[in-house]
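Visitor: I have a model open here and would like to go through it with you. Can we start with the ligand and then look at how some helices pack?
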Amino acid sequence: MKYYAPKGLNDITPDDMPYWHAVESEVRATMPVYGYEEIRTPMMEKTEVFARGVGEETDVVEKEMYTFDDKGGRSMTLRPENTASVVRAYLEHKYYGKEELSKWYYLGPMFRYEAPQKGRSRQFHQYGAEAIGSNDPALDAEMINLATDILTSLGLNEVGLSLNSIGCPDDREEYIEELVEYLNPFKEELCEDCQARLETNPLRILDCKNQACSSIVEDGPEITDYLCSECRDHFKNVKKYLDQLNLSYTMDPNLVRGLDYYTKTVFEVFSSDLGAQDALVGGGRYDGLVELFGGDPTPAVGFAGGIERLVLLLEELEGVELKKRELDVYLATLDRETKRRGLKLVQRLRNSGFKTEIDYLEKSLQGQLGYADRYGADVTAILGPQELSEDEITLRDMETGEQTLVPLSDFTEKVKNLLESE
Ligand code: AMP
């Protein structure tokens, strides 16, 4: 072995693929039901899109971005998340003038230079939704409903929802002042990162995983006590709508999310089965981002879910039905002449939409039947020199073992009948 994939960048092999397809199909089936259309943005952007959009002093921007100069000397960054790109695209294509409310979803790889561990990689995949153009708290509830719907439709039951509101920038300014005042006397006891955060981004101390930091934070001020009347009202309504939709949640006053653009509602959906990396989905409102990117003030809300973590869970879960490679028809041939004719028949079957395979390994008839069986073929067609000389072919029903000889001219029709009778 000479080459390995770079650390933290994983292959998704055909063995893994049924789980990926299950997730991707669920996302593609559910999003349109809620009125979301797909958008695809480039895998890299000019660095400032993320630096400004996500926030200069966030972990993502400070430590985790894959940033490089391209051959033209421009600083480019592989996208660490997709909201900033989606908002850039929304403005660039002037969607604000085309539709009152843009409801979009995406699926694709993201890149963050993090320490790889179970459920955390440097290239990972997210699906997500963004709704740009409304500040209705019912839309926050719809987002949460959509995020949990995808998970439960995939068969997860043990999902929990954490909820918080981090208010508007004014609320936050007032709260941060109080928080810093509360934390200052404990400065020496905070972890090294949080000592720095006290100067640069004190909110992030709230979700520090360090035991010492979290126990200090526990007795500190809570942001929901600092919400202005509009933000308080908004949050009250979000909770009301969630109740109405029977979506239960746990209030988490320390949930602030790692990215700067969030305002008001923030949420995470998690699974108790995942261990340390338990968040499957994270999201919230970001009412200031469109304006930050030069647009008119436009409220928005969204979420992103990680596919790797979801796949890990699905692999452990029993009863998730997945489709491996399964054949409709296997066509066994016995020599060069029958192979030549067989290829034509395979082409015809494939054109009719049947998953069909032929031998490429010079296997004996016995070997070919074994192969057909292994890949779950419902019908095996056998074309030997004898059959070919009579313009006939043998069809074998793999379930019953019953064989019939049919004229080649009726081949596709007979295969179809057999498959339909399965
Ligand atoms: P975030 O954009 O950080 O809010 O992340 C949203 C979701 O993406 C998380 O809940 C995870 O499921 C997933 N995620 C984030 N970072 C990673 C990573 N490095 N590896 C795998 N999944 C990730």
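Guide: A backbone N or O atom of Ala 279 lies 3.1 Å from an oxygen atom of the ligand. Keep in mind that this is a predicted model.

Visitor: What about Gly 306, how far is its backbone N or O atom from an oxygen atom of the ligand?
Guide: For Gly 306 the distance is 3.2 Å, again from a backbone N or O atom to a ligand oxygen.

Visitor: And Gln 126, what part of that residue faces a ligand oxygen?
Guide: Its side chain: an N or O atom there is 2.9 Å from an oxygen atom of the ligand.

Visitor: Which residues around the ligand come nearest?
Guide: There are 14 residues around the ligand, and the nearest are Arg 112, Glu 114, Ser 121, Gln 126 and Arg 257.

Visitor: Switching to helices. How do α1 and α5 cross?
Guide: Helix α1 covers residues 17–33 and helix α5 covers residues 137–153; their axes come within 10 Å and cross at roughly 140 degrees. That angle makes α1 oblique to α5. The crossing is right-handed.

Visitor: Which residues make that contact?
Guide: From α1, Glu 26, Val 27, Thr 30 and Met 31; from α5, Leu 146, Asp 149, Ile 150 and Ser 153. Sorted by class, the contact of α1 with α5 has four nonpolar, two polar and two charged residues.

Visitor: Now α5 and α9. At what angle do the axes cross?
Guide: At roughly 45 degrees, with the axes of α5 and helix α9 (residues 229–244) coming within 8 Å. The two helices are therefore oblique to each other. Here too there is a handedness to give: α5 passes α9 in a right-handed crossing.

Visitor: Which parts of α5 and α9 meet?
Guide: Pro 137, Ala 138, Asp 140, Ala 141 and Ile 144 of α5 meet His 234, Asn 237, Val 238, Tyr 241 and Leu 242 of α9. The contact of α5 with α9 divides into seven nonpolar residues, two polar and one charged.

Visitor: One last pair. How do α12 and α15 cross?
Guide: The axes of helix α12 (residues 336–351) and helix α15 (residues 411–420) come within 10 Å, crossing at roughly 50 degrees. That makes α12 oblique to α15. Their crossing is right-handed.

Visitor: Who touches whom there, and what classes are they?
Guide: Leu 345, Arg 348 and Leu 349 of α12 are in contact with Phe 411, Thr 412 and Val 415 of α15. By class, the contact of α12 with α15 has four nonpolar residues, one polar and one charged.

Methods
Residues numbered from 1 in each chain as written. Predicted model: local features only at pLDDT ≥ 70, side-chain atom pairs only at ≥ 80, totals over all residues. Heavy atoms only, no water. Axes fitted to C-alpha atoms, helices over the stretch in contact; angles between N-to-C directions. Helix = DSSP H or I, 4+ residues; strand = E, 2+ residues; numbered from the N terminus. Parallel < 35°, antiparallel > 145°, perpendicular 65-115°, else oblique. Left-handed = near helix turned anticlockwise from the far one by under 90°. Contact = heavy atoms within 4.5 Å. Nonpolar A, V, L, I, M, F, W, Y, C, P; charged D, E, K, R; others polar. Near = heavy atom within 4 Å. Polar contact = N/O pair within 3.5 Å; in protein donor to acceptor, adjacent residues only side chain to side chain.
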